Structures are given as structure tokens and as C-alpha cells.
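Visitor: I'd like to learn how to read a structure like this one. Could you walk me through it?

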Amino acid sequence: MPRGRPAVSVVVPFGGTTTEVEPLRTALAGIGLDDADELIVADNSGGAAATLRDIARVVPAIREQSSYHARNAGAAAAKGDWILFIDADCAPGSGLLDAYFAQPPAERTGAMAGEIVGEPGQDALAARYARDRKVLSQTDGLYGRGRTVAATGNLMVRRRAFDELDGFVEGIRSGGDVDLCLRLRDAGWSLEFRPGALVRHRHRESVSALLGTFARYGAGSRWLNERYPGLSGRWPLSPRELLRAGADATRHALRGERDQAAFRLIDGAGLVAHNVGYRSANSAG
């Protein structure tokens, strides 16, 4: 037993290119594993992650292009009592695993959600927007407000609970993390929050890529709403909302608040993107 806490298997799905492998190596270098822990990279890229074998177990995940399939493949190879899912664009700190177990989880805790913050060194407009809006925050953002679901960018799941539910739903590109949390709840497991267990997320750096993410969220929202009626509707889009965003942007611009002006314009574009995505398929590639 490392440091008085359970052994942890860290699972990272990777679907990137060869040029993204070294940044992932750098991000994972400081995670601070003990002897009983393990690091698994589930390669959903077709082989690009092979060079990471010196720091991680690299397992193939090739049946479909889907992060949820990759996470399941990584979990199937894992040996730990707990599985920590983090994303390839997240950088964990050396104290991450210990921070999760600073307070012992309850017997029926099926998952624990750590915090996700934006990488402070990113200066692109889209990244600044995501940090300002706390897009992936587990405590005060897109996921944290309801305190009922969490994102797989930083999610610790009890192996027994994960196996009981047969892992993530596959064949989809968005919404699988929310679905897993809801199924855990329905099976009598609880979700705890660990704001001190923190990773830094590297956000999209172009506005078009950011809007593509919002469109993907829209597709996932529709899929979730079909499984859990009333749970996840479209983001509210109306001429009034768009006019309000434009008026706010103009007001900020006149005050010289350039970032806030741009952010309100992105707010409006994000509403449109989410609604477009809501009408799209959520099928994995």
C-alpha cells in the first residue's frame, strides 16, 4: 500500500498525432507515482503513442475512434483498486494522487472528482475565454454547479463500481462521463469532490476549435436528454439572447474592456454552436 492510500491506475486516452506525444510525456512526467501505482496510455491514435512505453504501459484501443472506448481499454488493463482518468491535454501535479486520498472516501463512494483549471500560461483568446468561464471546472463551472456529475478530465473511479457498471458507454463522442456518474448514482454509489486534487487543462487555442467543442457538447446533450429525459436540454438560443450578447460586447468595448467584449461575442457564438451540435449525431468516429 503506497503512503497509506490505495494503489491507483492512471488511465490516459490518447487520440492525437505524433507531434502531440512529447507534450503528453512532459505533462505526465511529474505525476508522482508510487511503486504500487501504474500509468496506462490507451492509444486511440493507431500507434502514435508507442514511444511512451518507457514511462507507461501503452495498450491499443483501435475498435473505434472514441475516448470512451480508449478509457475502457485502459481500465481493462488496469490493476489498481482505483482508476484515475485524466485527459491527454491535462497536466497533473506530483501530489495529485495523495490529494485524492487526503480524506478517506466513504465506503459507498464510487467516484471522486478533482478540480480542472486552465493552463495559466496560455495566452490565446480562446484559452483566456475558457479560463474566465471556468469551462471544465468541477467546482464552479460547466460540471461543478450541480455537484452531481463530473468530467473525465480528472475523475477517480473505484474499480469495483466501474466494473459493476461495465464501464463507459461506447460508440459516442460526448456525454459518457455524465452518463457514468448518473449510473453510479442510480446503482447506489456516491460522488465526492476533491478540489485540492488539481490538474491543469490546456484549452483549445482557436475560437473555431472551441466552438467545435461546444457543438460536440450539444450532440452529447441531446444524447443524454434521450437517455434521461429533461436532464440536458439545448443551451437557450433566441434573438434576444444574441442581441444581449452583442449589446454587452459593445458596452465592454466602449469601456476599453477588450477581453470581456470578445468573451461576450464568443458566448453568443457558443450558443449557436451548441444548438447546431444538438441537431447532430453523437456517434463516435
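This is a predicted model: local features need pLDDT of at least 70, side-chain atom pairs count only at pLDDT 80 or more; totals for chains, interfaces and linings use all residues.

Visitor: Let's begin with strand β6. Which strands does β6 pair with, and which way do they run?

Guide: Look for bridges on either side of the strand. β6 is joined to β8 by nine bridges, and those two run parallel. With β7 (residues 154-158), β6 makes three bridges, and this pair runs antiparallel.

Visitor: Can you show me that at a single residue?

Guide: Take Ala111. Its bridge partner in β8 is Leu191, while in β7 the partner is Val157.

Visitor: How many residues of β6 are buried?

Guide: In a regular strand, side chains alternate between the two faces of the sheet. Here nine of the 10 residues in β6 are buried, so the strand is mostly covered.

Visitor: And helix α6, how many of its residues are buried?

Guide: For a helix, remember that residues three or four places apart point the same way, because an α-helix has 3.6 residues a turn. In α6 (residues 176-186), nine of the 11 residues are buried. They run from Gly176, Asp177 and Val178 through Asp179, Leu180 and Cys181 to Leu182, Arg183 and Leu184.

Visitor: What do the buried residues of α6 pack against?

Guide: They pack against α2, β6, β7, α5 (159-164) and α7. After the helix comes Gly188, with a positive phi near 95°.

Visitor: Now a loop residue. Is Gln122 buried or exposed?

Guide: Compare its relative accessibility with the cut-off: anything under 20% is buried. Gln122 has 3%, so it counts as buried. It sits in the loop between β6 (109-118) and α4 (125-133).

Visitor: What surrounds Gln122?

Guide: Leaving out residues up to four places away in sequence, Gln122 touches Ala127, Arg128, Arg131, His201, Arg202, His203 and Glu205. With Glu205 there is also a side-chain polar contact of 2.9 Å.

Definitions and conventions
Residues are numbered from 1 along each chain as its sequence is written. Side-chain values use heavy atoms; hydrogens and water are left out. Helices (H or I, at least four residues) and strands (E, at least two) are DSSP runs, numbered from the N terminus. Buried means under 20% relative accessible area, exposed over 50%, partly exposed in between (1.4 Å probe, protein chains only). A polar contact is a pair of N or O atoms within 3.5 Å; within protein, one must be able to donate a hydrogen and the other to accept it, and residues adjacent in sequence count only if both atoms are side-chain atoms. Contact means heavy atoms within 4.5 Å. Two strands pair if DSSP finds at least two bridges between them.
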